[in-house]
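My entries follow in the order in which I made them.

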Amino acid sequence: MTTLTPDTPVFVAGHRGLIGSAFARRLRAAGFEQILTVPRAELDLRERPAVEAWLQEAKPGLLVLCAGRVGGILENRDHPADMIAENLAIELSVLPAAQKLGVPRVIFFGSSCMYPRECPQPMPESALLSGVPEPTSLPYALAKLAGLEMCRALNAQYGSTRFYSVIPNNAYGPGDDFDPESGHVLAALIQRIHAAKASGAEHIDIWGSGRPRREFIHADDIADACCFLLEHCEDPAHYPINIGVGGDVSIGELAERIAKVIGFAGQLRFDASRPDGAPRKLLDSSRLANLGWRHAVSLEDGIRETYAWYLSQRTEETTG
Ligand SMILES: NC(=O)c1ccc[n+]([C@@H]2O[C@H](COP(=O)([O-])OP(=O)(O)OC[C@H]3O[C@@H](n4cnc5c(N)ncnc54)[C@H](OP(=O)(O)O)[C@@H]3O)[C@@H](O)[C@H]2O)c1
């Protein structure tokens, strides 16, 4: 990275999460010596005075805001108020505090849920705010859109900040949330298909028709893309920028691939009476590709690695 040096302190907020842990790994691999983290129990990022005090002390040269209230379709259905309130609270606290305390760079994570439900596919950055997002994740999407606009507004009003918004598509990888209730589709499917195999089930019922198409990107690739952008794209005017792999799969195909990795030979039954969500959510990542970035982890390899991590955690739970 030309703009950051290995002795630049980098605050990874939300370091225990899927993307935050990948970011910390990526920075460590790049030789960063001061990766600053703080447990949520010690610093609730919704509390602005506490955040200001922490930033005053830590003086990071880059803040990577990976903290947020995140979840799949069930989490969005059952906790819509938490999804909007917690994400807004974190943004309202951290982003202005970072500006006030002179943190020069922030990376803010948007989400593909911010795009309109009826968006042309693949979805270019220019389509943001051209229509209404999918209703099932609207509270989350609106909070994320507010964060994105907050970054843009702080850059415009103060001129001294370089706050970048990035829009990764569905992330997965080690550290994912495998809970079928709160987790995203890929991790939840790993958990459910593993459980079906372990119990000797002949079939598994999967919510929805299996037809919606989704794009999946490994968390390590997201962290790598952000580091690439910091090095190659200094101008905040280029942001927000999509981070995707340039291809998607149907949920049915995804379930088949996961079943193959896990070795589940039973039937995958799709329950079309359950909600599907948006029909397709493929990002147009050509701006990032034109800058020269490409993902490294194939979906097959990523599923295999994520499943291996899931198994290792289960072993730890049973032995530890
Ligand atoms: N996952 C995806 O598919 C995806 C896709 C696009 C964008 N994003 C965005 O990327 C960011 C990271 O997502 P992720 O999947 O890595 O999320 P995650 O795995 O759920 O991790 C979120 C992290 O935020 C922390 N956190 C939440 N509320 C906090 C608070 N009030 N104070 C301090 N820490 C708090 C959590 O701490 P604990 O560990 O203590 O709970 C956790 O470490 C989010 O902004 C999300 O919207 C995610």
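**Ligand shell.** I started with the residues around the ligand, of which there are 22, and found that Gly14, Gly17, Ala67, Gly68 and Phe109 come nearest. A residue counts as near a molecule if its C-beta atom, placed from the backbone, lies within 6 Å of it. I sorted the shell by residue class and got 10 nonpolar, 7 polar and 5 charged. In this sorting Ala, Val, Leu, Ile, Met, Phe, Trp, Tyr, Cys and Pro are nonpolar, Asp, Glu, Lys and Arg are charged, and the others, Gly among them, are polar.

Which element gives the most to the shell around the ligand? I found that it is α1, with 3 residues. Both α1 (18-29) and β6 (170-172) supply at least two residues each. Helices (H or I, at least four residues) and strands (E, at least two) are DSSP runs, numbered from the N terminus.

**Source notes.** The model is predicted, so I note that local features need pLDDT of at least 70, that side-chain atom pairs count only at pLDDT 80 or more, and that totals for chains, interfaces and linings use all residues. Residue numbers run from 1 along each chain as its sequence is written.

**Overall fold.** I counted the elements of the protein chain: 10 helices and 13 strands. The radius of gyration is 19 Å, close to the 20 Å that the globule rule gives for 320 residues, so the protein chain is as compact as a globular protein of that length. The radius is taken over C-alpha atoms, and the rule is 2.2 Å times the number of residues to the power 0.38. Along the principal axes, the C-alpha atoms fill a box of roughly 60 × 50 × 40 Å.

I then checked burial, and buried residues make up 47% of the 320 residues. Buried stands for 20 or more other C-beta atoms within 10 Å of the residue's own, exposed for 12 or fewer, and partly exposed for the range in between, with C-beta atoms placed from the backbone. Of the contacts with a separation of 6 or more, 81% join residues 24 or more positions apart. A contact here is a pair of residues whose C-beta atoms, placed from the backbone, lie within 7 Å.

**Six-stranded sheet.** I traced an open sheet of 6 strands in the order β2-β1-β3-β4-β5-β10, with parallel pairing. Its edge strands are β2 (35-36) and β10, each pairing on one side only. α1 packs on this sheet and touches β1 (10-13), β2, β3 and β4, and its direction makes about 155° with that of β1. For such angles, axes are lines fitted to C-alpha atoms, for helices over the stretch in contact, and the angles run from 0 to 180 degrees between N-to-C directions. Two strands are paired if DSSP finds at least two bridges between them.

I went through the pairs around β3. β1 and β3 are parallel over 4 bridges, and Ala13 stands opposite Leu65 in β3. β3 and β4 are also parallel over 4 bridges, with Leu63 opposite Val106 in β4. In β3, Leu62 and Val64 point one way and Leu63 and Leu65 the other, and all are buried.

**Three-stranded sheet.** I found another open sheet, of 3 strands in the order β11-β8-β13, with mixed pairing. β11 (249-250) and β13 (280-281) are the edge strands. β8 (residues 213-214) and β11 are antiparallel over 2 bridges, and Arg214 stands opposite Val249 in β11.

Most residues other than glycine have a negative phi, and most peptide bonds are trans. I looked for exceptions.

- The bond from Gln121 to Pro122 is cis, with omega near -10°; Pro122 lies in the loop between β4 (105-109) and α5 (138-158).
- The bond from Tyr239 to Pro240 is cis, with omega near 5°; Pro240 is in the loop between α7 (219-232) and β10 (241-243).
- Lys59 has a phi near 45° and is found in the loop between α2 (48-58) and β3 (62-65). Lys59 counts as partly exposed because it has 13 C-beta neighbours inside 10 Å.
- Leu129 has a positive phi of about 65° and lies in the loop between β4 and α5. Leu129 is partly exposed, with 13 other C-beta atoms within 10 Å.

How values were computed:
Contact = placed C-beta atoms within 7 Å.
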